[in-house]
Amino acid sequence: MATMAVKTGAAVSTTNACKLCAPLGAALAFRGIEATVPFLHGSQGCATYMRRYIISHFNEPIDIASSALGEKQAVFGGGPNLMQGLANVIRKYRPRLIGVATTCLTETIGDDVPRLLKDFAREQGDDSELPLLVPVSTPSYVGTHMEGFHAATRAVVAALAEPGPRHGGVNLLPGLVSPADLRHLTEIFREMETKVTILPDFAATLDGPALAHYPLIPAGGTPLAAIRRSGSAAASLELGRTLAGKDTAGGLLQQACGIPCLRLGLPIGIHETDRFLAELTRISGRPVPARIKEERGRLVDAYVDGHKYVFGKRAVVYGEEDLVVGLAAFLAEIGVQPVLCASGGTSGQLAQAVAAATADLTREAPVVREGVDFFEIEELAAALEPDLLVGHSKGYSLARRRRIPLIRVGFPIHDRLGGQRILHLGYRGAQALFDTVANALIAAKQDGSPVGYSYM
Amino acid sequence: MAKAPIPILAERARQIMVSGDPGAAMDCNKDSLAGAVSQRACVFCGSRVVLYPIADALHLVHGPIGCAVYTWDIRGALSSGPELHRLSFSTDLAERDVIFGGEKKLYRSLIELIDRHQPKAAFVYATCIVGLIGDDLAAICRQVAKERGIPVLPVQSEGFKGNKRAGYQAACKAMFQLVGTGDPAGISPHSINILGDFNLAGETWLIRDYFARMGVEVVANITGDGRVDAIRRCHGAALNVVQCSGATMELARMMEERYGVPSIRVSYFGIEDMSDALYRVAAFFGEPAMLARTRELVRTETAALLPELEHYRQALAGKKAAIYVGGAFKAFSLVKAFRLLGMQVVLVGSQTGTAEDYAELAAITDPGTIIVDDANPLELSGFLAARGADIFVGGVKERPIAYKLGVAFCDHNHERKECLAGFAGMRNFAREVYASIMSPVWRLVPRQETAEAAVASEEVR
Ligand code: SF4
């Protein structure tokens, strides 16, 4: 199967991007750390825009601080504003960690954030209440929000993880999945009786309960103590088939602390979940519990019940690369042909990863494109005649023009409720996805039929 | 209910005042405080939101992908024709462009997009990074304009060069280059431009209809459902009717200076302000027949509306409202509208108000009302709780604050899907406030349980 280089279309401009920028990914990752305030070193606008954007998906407050640089600082350096901003955040939020991500502005003016943070800490003297200050470089003109997400995760590990005598626990680095997914992963580990540190974990911080008071910082997130101990875990499991060769948290733990890092695909669909659970069994020495096996059995039963409604249908899949790979694997195993796998990301690994995850399941190799926008996706889709789209809300206008259903998954979902509650992972996630896909196709057929039949 | 302390940073103390306090004055219109988690956006955002609804123009954001993608189709701004404005175009600058300069990529992108979409004009937005790497936006725009024969207008909206207000000015400057380039022949002497309405949920159409019924010709909507050709000839109108937001004030000022078109400031929100807007336009033309038609319009509309409002008023009387919106003028109208519903305003604030705006707010609100400039989540949530607000009016960023605390919410921002302008809008507003406040879900939220527990323990004692 041919591997595709970056952006094959001839377009210079971008129309309706299929990606977001690095600082946003960093803010999301930082939100998944206990008692942490995400802080963007840049102009006020970016922080506000990203807050707005994240809110539209999670329907949860997210406070992102900014050094709110103005013209003067852009010329003379953002150091003083950064210091003042940190002091204000500390006074108001009393965080235990502040994740400081750069932006296009501060990268370009060349602020040395790690040094500034050290200066700041020195000036504060030996104030024991001083939070940890974790810098991460996220110029918005390099990579996508996924690069920012992984860089922030890595930065937290770099700042905290301590090597030590091995405990039996596992580090799980799941990437950008939903709060519902994070909760499900926690549950799987509990049932496998295996200690786990999920990093980052925004299951509670970005999908919390109604409260009587506005919390300074929402409860939840990966405990700092657990991140410290990640340096002495039995193994790291890093989810994502396009991460090879990248500088990630799992890689860092392996290098610095000698923790073996296993890279697996996101456990979407039966095959990828089987692999995930098999790895877990290997690490923990515990068998997959009966309840989970039962879930798998019911899922297979459901696949059988519904196979005719989905077989041979053609899907366009788009979004974050690792998610696209997982979705393609899932679609392929239920008999849906992923005709196009597209992402705004440019890892250079998407084609191989899709091929590896789908090769023996599909009869026709999917077209795979990296670094594309929706203009290109639409052009490609026109020739491929898909029956459905699988991806986030940004594909809606395309689905509308083509009059085909859009299966909403991933991030961002801002034209429906419950984006944060979508379950993608494990057998249970596959069950939810399967029912959604099959029912969408059944509904499309029903709505398009002149008869309006009332049985499938 | 236990009162959580409201954390206010010392540097922000002078941006908060209480209506009725002697000597209260607001220290406003300054840059957001670092680390304060301001609700405000940037210069680029200001420009983008103003120009966005011009539907037959190409809007190209020159910068890394973020700025473009976060503003992709974020407004409800509806168009009766072309929909080019709903696409998000970007030069998506990458590292090498930042190092070697983005001019080439900008030029090629412009040519490519103009050839592909054949727009009537193109706006090119400068973002933070462009201000730093020094791309000569104006020169590229001039060159492409010459090559492709359409206006290509640079918008100097570098994000860090001030706040949203500066973005409004940059947008007006860009538009002003279009004004006066079209032929004003055939425009009626009874003609206006509608400035500062963005046709969210079709509001511009509603307002246009009112003016049509009065016998007034609308030359250009600036910018809701906007068209390049209309803006080019809008200097032929007799009057600029500028809606509150302040977003297009600068354009009106420049048009008065260069073309002698006078302007009035109005608001289309609430019965009082809507009627006032129509009467002032009629008064401007001073024609008895038009004035009679205006009276008739207001009479018919209010007669249909008032009985329905009475129904909502009975349920809502005495409830407490909090307001935090972008522009202060919108806040004035909201204060009046809540009063019409028998409700009490306990908090009102804006992102970009001026000293006069806040003085006006202090004058029209009840003593004890908190007035705030450029707030943040901790302050807002603290005030909501302290003043026991039943409903919060704001935008997307304010919504989760209200909901998290179990407070009803009404969206009065760029993304709303309900028409809130005019007489029909007042009906929708009342309906929405009612629908949110009266929902039985609030009985289940912790805030309510805490309040009930407090009452119960009082009774026990
Ligand atoms: S980079 Fe600058 S222009 Fe773009 S959103 Fe951020 S503050 Fe605004």
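Modeller: Buried means under 20% relative accessible area, exposed means over 50%, and partly exposed lies in between, with a 1.4 Å probe and protein chains only. This is a predicted model, where local features need pLDDT of at least 70 and side-chain atom pairs count only at pLDDT 80 or more, while totals for chains, interfaces and linings use all residues. Residues are numbered from 1 along each chain as its sequence is written, chains are lettered from A and ligands numbered from 1 in the order written, and side-chain values use heavy atoms, without hydrogens and water.

Colleague: Is A:Cys18 buried or exposed?

Modeller: A:Cys18 is buried, at 4% relative accessibility. A:Cys341 is buried too, at 0%.

Colleague: How many disulfides does the structure hold over all chains?

Modeller: A disulfide is a pair of cysteine sulfur atoms within 2.5 Å. Over all chains there are zero. For A:Cys18, the nearest cysteine sulfur is that of A:Cys341, 12 Å away. That distance is too far for a bond.

Colleague: What span does helix α13 of chain B reach?

Modeller: Helices are DSSP runs (H or I, at least four residues), numbered from the N terminus. The expected span is 1.5 Å times one less than the number of residues. α13(B), residues 328-340, reaches 19 Å from first C-alpha to last, close to the expected 18 Å. Of its 13 residues, 10 are buried, so α13(B) is largely enclosed by the rest of the structure. Among them are B:Phe329, B:Phe332 and B:Phe338. B:Gly342 follows α13(B), with a positive phi near 75°.

How values were computed
Helices (H or I, at least four residues) and strands (E, at least two) are DSSP runs, numbered from the N terminus.
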